[in-house]
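Student: I have a protein model open and I'd like to learn how to read it. Could you take me through a few features?

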Amino acid sequence: MTRDAVSPASMTGQWLWRAGKTLLSLPFAYAALVILMVVAYFMRPALLSPMLLLLILRQAAPLGIAVLGQSLCMRVLSLDLSIGGVIVGVSYILTSGLLPFSEPVLLLVAVAFGVAVGLLNAFFITRLRASSVIVTLAVTLVITGVAVALSQLRSPGEAPEILRQLVRLKIGIVPVVLVIWALLLLAVAIFIRRSVFGRYVDAIGANPRAAWVSGIPYVRVVSVVHVMSSLFAVFAGFLLIGFVGIGSMDLGRDLALNSLAAVILGGVTFGSGKGGVLGPTVAALMLTFSFNLLTSLGLGEPAKLMLQGIIIGVAAAAYSVQRNN
Amino acid sequence: MLDLARGSRRTGLSPIVLVLPVALFVLLYLSSGTFRSLENLANVNSQVAALMIASLGQGIVAISGGIDLSVGSVMSLTSAILVTADPAWGVPIALAMGAAVGLVNGFGVTLFKVHPLVMTLATMTFVQGVALLLHPVPGGEVPGYLRALAVSQVAGVPAAFFWCGAAILLAWHLLGRSRFGLRTYAVGANPVSAGRNGIAVTRLKVACFVLCSLSAVVAGIFLTARVGAGDATMGAPYSLDTVTAMALGGIQLAGGSGSVLGIVAGVLTLGLISNGMNLMGVSPFLRAAVTGALLLVAIGLQRREAIGA
Amino acid sequence: MISFDKVTKRFGSNLALSEVSIDCEAGTVHAITGENGAGKSTLMNLLAGVFSADGGEIRLRGEPISPERPADARRLGISTIFQELTLLPNLTIAENLFLGREPLRLGMVDRASMRRQAGSMIARLGSSLDVDAYCGDLSVADQHLVEIARGVSVDADVFIFDEPTAALNAPEVEKLGELLAALRASGKLVFYVSHRLDEIFRFCDRVSILKDGKHVETRPTQALTRDELVSLMVGRVLSKFFPPRPARPDGAPVALSVSGMRVREDSPQVSFELRSGEIVGLAGLEGQGQRNIIRALSGLEPVVGGKVTKGSETGPMPLGPDVVATARAGVGFVPEDRKTEGLYLPLSIDENITLGMLRRLPIWQLVKRRRDVIEELMGRLNVRSAGARQAVGELSGGNQQKVMIGRWLASGIDVLLLEEPTRGVDVGAKAEIYGLLREFANAGGAVLTVSSELLELLGLCDRILVVRRNEIVAELDGARAAEEEVMRYALMGRAEAGVHANA
């Protein structure tokens, strides 16, 4: 496919061809969101009211933030299923009163906890070369086990006032939560696009073997990705805890799987070396919207799980087929 | 220490894999009077049986170079099916369901080339959803004959013992004596070379996943019958517990290495640790944490080539 | 028995075999020989069902055949002992020998009969290997032996041995000779692909020589001398597309110094120096250790002992088995297989090139899109593309190769290690790549390259180091060395080649 010159006459044709190709190569999330909205329009039009949409948007923020980390993991051919565990840990740190610190200090402790979990994951995944899925699931088991056991002794209590205030704040009609999400999204997008780190992430995703052979600092990049993912989980946890108002050991449990579904749906797959931040974000919105739709249709948890399963399986298979062709 | 942990090329067995369960048994036997009681020993056997049956299936998939995280959900759905379907049809339906899940996993991994972890995570989630849809609240009646098969005793030996024994014998025959077993080891070590030697790699891998799901169904039947009620989440811990048992039993998750003896040792180690903590009054939640830590250590000791998923 | 009739095979724009016609009779051991890349293995792979021919016909007992898979060939009675090993490391010798056709008894694998038969198969090769040993625990030589045992145990009429003795030692080669004689005596046709002259003369009845994908000659071995055979394998006019070699000033700084390095526990030491401004080639037959040397220098493979240092402004700095540190120190490595190890095919040209330029930057640093630099470089490389944003996977082989080399040129390194710098590249792009490498050297860089194309090394390099069995057996002046001289050292090693050269 070598084109030496492009004549002006074929320019428009080529532009159209490219535009069509781009549209077709858009992640499934976009089309799915549109379809869902159409379904909602006919079956539950109330969901499309600005008020409710804004609420759903706000509700999607924790998932949207967790997805930022998960998509980075997937792009370096790893996965982070410890997101739920991190949130449970954060929830216990912040609400149990076990640590006699002021609220800001507690938040810092939670952040440090996230960094520690990320480093632990990274150590097992890069240094001991253990499977990321198994490692992060095991880490979740450990964190939730300890947290729940501790909560038998000292149960989680009220959420820190800062967080409860934070999630209620609005600028005009726009909740501050959304602003925070948007800022994080923007920061990550720019950082990934413009930094050396982002280039390395692309390289590893496109061809891990080549990245290794050409001397890209593989281990460091993957480690940083896992720490970032855990940090995003901490932030997602902050918002969730603020929303609920009290600590709970069930908080954010489904975030790991949801984020995985969103990332796959958002067009990030193993080994493609592609995938933006926007696709997974739209997918996070789409998932949150679909859960609301399911609930409003009287379908609960089971339908949600089945949807997640189908999304992960079918999307992964479809992208895999697409790539192999 | 490291040398003790290094397993044989084919079986993955190392001294430490085999000594661990024996040492644990001796330790518990000497230190806890309750452990020594016949009731507790029978109890351990029952607790271990479901894990044993499911782990043998997981082991076959692991040796072929895959992994199956949907084991737990398949057990759960089995449980839901047994208490909702017509008593005569419960078992056949559950087995058919298991075969279907295995086929989906197998074809997803081979034909669609989805990573086994991602593929089985997807089926795990989906099947869990179906189980909850079918049987949202724990309870229900288990067919009487199943209950009898699971809890009765023959000459003082609890039924669980026979379930375990039959599963172990079958797995041992498959892996150690049959053509299928030898070829599974070959495919797990290097699918390309195995293919060059004329082995139908795709068919074999799919068969492994189907066997694994079917063993999960059997494990689910036993567990449901023993508990005496259906529970759509009863299998949830088993997905990771079977993987932990693999890792403790010296089965290389990269494929091509492992043995029935190793799986048995791994399951016993996990079961004894769990029972020991139970006797010591450790909170069940902390027990889960210890299982997780155990999994981390065991998996960390295995060496792989690739970094990532 | 087998006749090749105007058989042609191309790989992309590369003509690997061109109208090769050879007739081969049953009851003979037929050697196929020629230089690296002459087409020997390609010809045999057509017969073995690994590739299909693009033109011409292969006939078995007069019937045209076209095996599409190795299994097809086996069914036709053609058994191949491939050069690369296909044994399973976690299976025993007996299990490997019978994998895919295990004997059954009562529905179970009949281990007793399997072991018994395996034992006699191994004994036939004069080996006393334990058939219960795992193949992964065997030495490479023993693994080849098992591979051979499996190949000849197949009930076939045609046997292909592709470089079977590369890893064997003398007594085993002897046994192999007996085995070949036995096969010949029972009326089989044996193809023996090799460039080991003494084996060709000892074991084979006839020899076919290939050169550049063309059939040169087929003769009875008795009608040939060693020197005649060598001159049939080599001897061509040097092409004109190599850049001129500037005179090298004495005392150019040492760019890379290797002393006492061993690639394997039992291999000899390797020592040499690479100076700024020169292009040095590692020549030798396939699999003699050139590749291990260059991979060890790039930090990809560990070495046994020895010291590697890189010259720099601040004095010599040691290099270790660490790719990241080696790249950071200014040593770039271009692998042979650009698709799996070299390029990021889904990424664009500018992304691929930019990745090289980031080498020394901290990972959190923001980078500007250096449009101008990329455009300038792409101009210099003469990459033909639809623009810098085009995915590298869509480019032709030559342009991909230029991008891969360009990535290192843009990165400011001063030592470049290359494997097969022009594999799968058309002639025009080859000349351009040679020009780029010379330009890099003239600007003070140092180049070390491995190539299986001898002509390329002779035309491009200032010095040629000939590698045989993990050892450097000769150092030749690139401008003056003759093809036959290099081949002699590569084929026969130091002592024997010296004798022949003097004679």
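Tutor: Strands of a sheet pair through backbone hydrogen bonds, either parallel or antiparallel. Here, strands are DSSP runs of E with at least two residues, helices are runs of H or I with at least four, and both are numbered from the N terminus; two strands pair if DSSP finds at least two bridges between them. This is a predicted model, where local features need pLDDT of at least 70 and side-chain atom pairs count only at pLDDT 80 or more, while totals for chains, interfaces and linings use all residues. Residues are numbered from 1 along each chain as its sequence is written, and chains are lettered from A and ligands numbered from 1 in the order in which they are written.

Student: Which residue stands opposite Val29(C) in S10(C)?

Tutor: That's Val190(C). Zoom out and you get an open sheet of six strands with mixed pairing, in the order S6-S9-S10-S3-S11-S12 (chain C). Strand S6 (78–81) and strand S12 (214–220) of chain C are the edges, each pairing on one side only.

Student: How do I read a contact between chains?

Tutor: Two residues are in contact if their C-beta atoms, placed from the backbone, lie within 7 Å. Between chains A and B, the contact takes 44 residues from chain A and 39 residues from chain B. On the chain A side, H14(A) gives the largest share, 15 residues. That side has 31 nonpolar, 11 polar and two charged residues. Nonpolar means Ala, Val, Leu, Ile, Met, Phe, Trp, Tyr, Cys and Pro; charged means Asp, Glu, Lys and Arg; the others, Gly among them, are polar.

Student: How many residues do chain B and chain C bring to their contact?

Tutor: Chain B brings 18 residues and chain C brings 17 residues. From chain B, the largest share is the five residues of H10(B). The chain B side has six nonpolar, seven polar and five charged residues.

Student: Where do the axes of H10(B) and helix H9 (residues 159–177) of chain B go?

Tutor: Axes are lines fitted to C-alpha atoms, for helices over the stretch in contact, with angles from 0 to 180 degrees between N-to-C directions. These two come within 5 Å and cross at roughly 65°. Among the residues making the contact are Leu174(B) of H9(B) and Phe180(B) of H10(B).
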